[in-house]
Structures are given as C-alpha cells and as structure tokens.
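Good morning, and thank you for coming. I shall go through one structure with you, beginning with a term that we shall need throughout.

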Amino acid sequence: MKVGLILAGGLASRMGGGDKPLLMAGGHTLLEHVLARLEAQVDRLAISANGDPARFSVFGMPVLADEFADMGPLSGVLAGLDWAAGQGAEILVTVPGDTPLIPHDLVERLGSAPAHAASGGRMHWLVGMWPVASRRVLRDMLAVASRGPRVSDYARAIGARAEELPAGSLDNVNTPDDLARLRARLDGTSTPGPARG
Ligand SMILES: Nc1nc2c(ncn2[C@@H]2O[C@H](COP(=O)(O)OP(=O)(O)OP(=O)(O)O)[C@@H](O)[C@H]2O)c(=O)[nH]1
C-alpha cells in the first residue's frame with residue numbers, strides 16, 4: 001500500500017510567513033492543486049504541519065505535527081513515515097504543498113522506492129517515494145542532529161534513485177515572484193478541483 005504526505009510545515013520566510021499551501025492560484029489553494037493531482041495516486045493522504053491543525057481541517061485529512069522541532073522537512077517526512085507504518089503502508093509518497101503542478105502520473109513515473117524527482121537536471125528531494133522500512137535510519141539521523149539534516153543526505157543514505165520529470169511540473173513557490181509567475185500561468189485555465197474539501 002502507498003500513502004501520501006503533503007508537506008505544509010516550515011516558516012515560508014521568503015514569502016513573508018504564513019502557510020504557502022493555502023495561497024491561491026488559478027482559483028484554488030496550492031494545496032488543492034496538489035490534492036487534485038495526488039489523491040488518485042495513493043491509498044490515503046495526510047498533511048504535515050505544525051501549529052493549529054484546525055486551519056487544514058477543511059481538507060478532511062490527518063494533520064501530522066513534527067516530533068523533532070526546528071529540524072526542517074525531514075522531521076515532517078519522519079512523521080509521515082511513522083503514520084504510514086501505522087496504516088500498514090510500505091511506501092510514503094511526499095510532495096511539498098508549494099509544488100502544485102506535479103504530474104498526474106507522478107507515482108508511476110517514480111516507479112519503486114526509494115526514488116526522487118528531478119527536472120532539468122535539478123533534484124527535488126521532497127518530491128519522492130520513501131520506503132517505510134527506512135524510518136529507523138531517519139529517526140537515528142534526527143535524534144543525533146544538532147540542526148536539520150539535509151534531505152539529500154538521508155535520501156542518498158537509503159540509496160535514492162533520481163527520475164526526471166517533465167519540465168515545469170516541479171515549479172514551486174518560494175517567493176512572491178514565484179507566486180506571480182504561477183498565477184500568470186494558471187490564469188484562465190480550468191484546473192480541476194479536488195475531490196474533497
Ligand atoms: N514538517 C515540516 N515541513 C517543513 C519544514 N520546513 C519546511 N518544510 C516543508 O518543506 C518544503 C520545502 O520548504 P522550504 O520552502 O524549503 O522552506 P519553508 O520554511 O517552507 O520556506 P522558507 O522559510 O522560505 O525557506 C515545504 O513543503 C515546507 O512546507 C519543517 O520544519 N517541518
């Protein structure tokens with residue numbers, strides 16, 4: 001069984017704070033775009049976010065808080081792997097909530113875990129497929145780290161493979177300029193809404 005995790009933690013400091021996945025583009029939040037593309041590809045979905053989970057309650061999914069504070073996205077990945085283990089899943093698919101245009105066949109393209117997405121030769125480590133059995137390696141890494149370990153270090157430690165995805169499908173929103181570009185791209189398109197929410 002494969003389950004999915006939408007990463008929505010972090011500080012969004014380059015956007016001036018707030019929840020990047022709740023920003024609007026093309027008539028939907030970025031999170032709704034991710035959901036609409038990922039939902040049919042996995043058996044269950046959860047959101048990784050700290051703070052008040054109520055702000056994500058409209059999506060009807062579990063909201064997983066980081067166990068290790070201030071350790072960056074890998075702490076969210078660990079929470080997702082622990083949740084996935086509890087669901088009886090073997091594979092966790094992660095997608096950042098600020099990456100709304102992932103392919104509708106992402107899981108098929110990634111193939112088997114561990115695999116991580118690349119575009120134009122650049123790795124997008126958080127668009128990936130993680131074996132749930134690897135979670136002990138990650139827990140050990142986080143338990144001894146004094147600051148957030150690099151996602152690439154963990155992915156490489158478990159033998160990650162890179163899969164090239166179509167150009168533009170991994171464009172993410174880090175800055176107000178990124179958001180303006182995305183809005184210009186989605187303006188006037190009829191993006192399908194999510195099946196829930
Ligand atoms: N669970 C969790 N997710 C995080 C954390 N930091 C970042 N993320 C997620 O990881 C992905 C990439 O995050 P970044 O854009 O690099 O970091 P950010 O904090 O969101 O934004 P900046 O402060 O501008 O770097 C996004 O989906 C974030 O939601 C964290 O500490 N915990």
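Two residues are said to be in contact, or to touch, if their C-beta atoms, placed from the backbone, lie within 7 Å. With that in hand, take lysine 20, which touches Ala12, Met15, Leu30, Gly97, Asp98 and Val173, leaving aside residues up to four places away in sequence. Lysine 20 sits in the loop between β1 and β2.

Please keep in mind that what is on the screen is a predicted model. The chain has an average pLDDT of 94, and 95% of the residues score at least 70. For the complex, the predictor reports an ipTM of 0.98 and a pTM of 0.95.

In which order do its seven strands stand? The order is β5-β4-β1-β6-β8-β7-β9, in an open sheet with mixed pairing. Strands β5 and β9 (161–164) stand at the edges with a single partner strand each, so one side of each has no neighbour in the sheet. In general, strands of a sheet pair through backbone hydrogen bonds, either parallel or antiparallel.

On one side, β1 runs parallel to strand β6 (residues 91–96), and six bridges join the two. Here lysine 2 stands opposite isoleucine 91 of β6. Strand β1 is also parallel to strand β4 (residues 44–48), to which five bridges join it. In that pairing, valine 3 has arginine 44 of β4 as its bridge partner. Towards the other end of the order, strand β7 (residues 115–119) pairs with β9 over four bridges, again in the parallel sense. Alanine 118 stands opposite glutamate 164 in β9.

Next, a helix. Helix α1, residues 30–38, is mostly covered, with eight of its nine residues buried. Among the buried residues are Leu30, Leu31, Glu32 and His33. What covers the buried residues of α1 includes strands β1, β2, β3 (28–29), β4 and β6.

I come now to what the UniProt record says. An unreviewed entry gives residues 4–145 as "domain: MobA-like NTP transferase".

Is lysine 20 buried or exposed? Lysine 20 is buried, because 25 other C-beta atoms lie within 10 Å, and the cut-off for a buried residue is 20 or more.

Aspartate 98 is found in the loop between β6 and α3 (106–110). This residue counts as buried because it has 26 C-beta neighbours inside 10 Å. Residues up to four places away in sequence aside, aspartate 98 touches Lys20, Pro21, Leu30, Asn172 and Val173.

Aspartate 66 lies in the loop between β5 (63–64) and α2. It also counts as buried, because it has 21 C-beta neighbours inside 10 Å. Its contacts, again leaving out residues up to four places away in sequence, are Gly9, Asn50, Met71, Ser75, Gly76 and Ala79.

For contrast, consider leucine 22, in the loop between β1 and β2. Leucine 22 is partly exposed, because 16 other C-beta atoms lie within 10 Å. Leaving out residues up to four places away in sequence, leucine 22 touches Thr29 and Leu31. How far apart are leucine 22 and aspartate 98 in sequence and in space? They are 76 residues apart in sequence and 8.9 Å apart in space, from C-alpha to C-alpha.

Finally, the ligand. Of the 20 residues around the ligand, Gly9, Gly10, Arg14, Gly76 and Pro96 come nearest. By class, the shell holds seven nonpolar, nine polar and four charged residues. Which helix gives the most to this shell? It is helix α2, residues 73–86, with three residues.

Thank you for your attention.

Conventions
Residues are numbered from 1 along each chain as its sequence is written. This is a predicted model: local features need pLDDT of at least 70, side-chain atom pairs count only at pLDDT 80 or more; totals for chains, interfaces and linings use all residues. A residue is near a molecule or strand if its C-beta atom, placed from the backbone, lies within 6 Å of it. Ala, Val, Leu, Ile, Met, Phe, Trp, Tyr, Cys and Pro count as nonpolar, Asp, Glu, Lys and Arg as charged, and the others, Gly among them, as polar. Two strands pair if DSSP finds at least two bridges between them. pLDDT is the predictor's confidence in each residue, from 0 to 100. A residue is buried if 20 or more other C-beta atoms lie within 10 Å of its own, exposed if 12 or fewer, and partly exposed in between; C-beta atoms are placed from the backbone. UniProt positions are given in the numbering used here, feature names are shortened, and annotations may be inferred rather than shown by experiment.
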